[in-house]
Structures are given as C-alpha cells and as structure tokens.
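Subject: Structure handover and salt bridge notes

Hi,

Here is the structure I promised to pass on to you. Have a look at it first, and then read on for what turned up.

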Amino acid sequence: MDINSHSNFISDSVKKILINKRITVSNPDTFFNNIVYVNSLVNFIIKFIKTKKSKINVINLGSSNKMKIKEIFDFIYIKLKKENKVDWIKTNKNPFIIDFKKALKIGYKPMTVKNSLSKYLSEIKKRKFII
C-alpha cells in the first residue's frame, strides 16, 4: 500500500486500520502533536530557505492543538468509517510533545493536529489506496 507516508506511528496504524486489523496502542490519555501535513512542511521549507538562517541546525515541526491519543484514534476510525479495533495498553514509555518554538520564530504556521490528520485521511480516501 502506498499512502505516501511510512514508518511512523500514524501511517503504520492507518495501514492496519484500512485492512481491518486490530491495533495495539499505549497511553490513551497522553497528548500527541507529532504530525505535519506535507503542505505545511513544504511551506515551511520555502520560508526557511528564504530566511537564510544558517546558524540553526535542528528545527522540530509539529501540529498545534495537541490531542489525546484516544481522541486521535476515535477520529481516525470515524473518518475511515471502520470499526474501532484498538487494544489499549499501559507502558512505561515516556510520552512527549514536539516543541516547535524555533520554527514559529521563523514563520512556521502549523495546522492543528485534527486538521493535519483530516487532510491526510482525506487524501487516503480520495486515492482509494489498494493493498
């Protein structure tokens, strides 16, 4: 399946959801903002190149308006019109939120988590990806 995103938490989960597989997800009440829609990335890269700020080595990008993991998966299942098949587990992994303050100073305009996710899922549905 080619959904133009791979080897990350959301796209790997969506691939399984699309073929009606059960998924295991941890820490449903932790927050998540680790998603960037491609248009946001492209716009930022263009803006960054124009600023010529060569002293910055690492810039993190994420989405605004973080959401709880459980809310994200509820949204994915509803948007894809699939039966919710999540097995929730607790782990000792330390959750984290992406800090993109440096990017904001350069002019990054993040989409919300929900909008980024919605655009990503709409693209998948529009293209009718085949497994």
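Lys126 is exposed, because its relative accessible area of 62% lies over the 50% mark. Please keep in mind that this is a predicted model. The partner of Lys126 in a salt bridge is Glu123, and their closest N and O atoms are 3.6 Å apart. Both residues belong to helix H5 (residues 113-127), where three residues, or about one turn of the helix, separate them. Glu123 has a relative accessible area of 22% and is therefore partly exposed, as that value falls between 20% and 50%.

As background, side chains of opposite charge can pair when their charged atoms come close.

How many salt bridges are there in total? The count comes to three.

Another one sits in helix H3 (residues 69-80), which holds both Asp74 and Lys70. These two are four residues apart, again about one turn of the helix. Their closest N and O atoms are 3.0 Å apart. Asp74, at a relative accessible area of 26%, is partly exposed, and Lys70 also counts as partly exposed, at 35%.

Which parts of the chain does the pair of Arg22 and Asp87 link? Arg22 is in the loop between helix H1 (9-18) and strand S1 (23-26), while Asp87 is in strand S4 (residues 86-89). Asp87 is partly exposed, with 31% relative accessibility.

You will find Thr30 in the loop between S1 and strand S2 (31-32). Is Thr30 buried or exposed? Its relative accessibility is 19%, so Thr30 counts as buried, the limit being under 20%. The side chain of Thr30 reaches the backbone oxygen of Asn27 at a distance of 2.8 Å. If you set aside neighbours within four places in sequence, the residues in contact with Thr30 are Met67, Lys68, Ile69 and Pro95.

Best wishes

Definitions and conventions
Residues are numbered from 1 along each chain as its sequence is written. This is a predicted model: local features need pLDDT of at least 70, side-chain atom pairs count only at pLDDT 80 or more; totals for chains, interfaces and linings use all residues. Side-chain values use heavy atoms; hydrogens and water are left out. A salt bridge is a side-chain nitrogen of Lys or Arg within 4 Å of a carboxyl oxygen of Asp or Glu. Buried means under 20% relative accessible area, exposed over 50%, partly exposed in between (1.4 Å probe, protein chains only). A polar contact is a pair of N or O atoms within 3.5 Å; within protein, one must be able to donate a hydrogen and the other to accept it, and residues adjacent in sequence count only if both atoms are side-chain atoms. Contact means heavy atoms within 4.5 Å.
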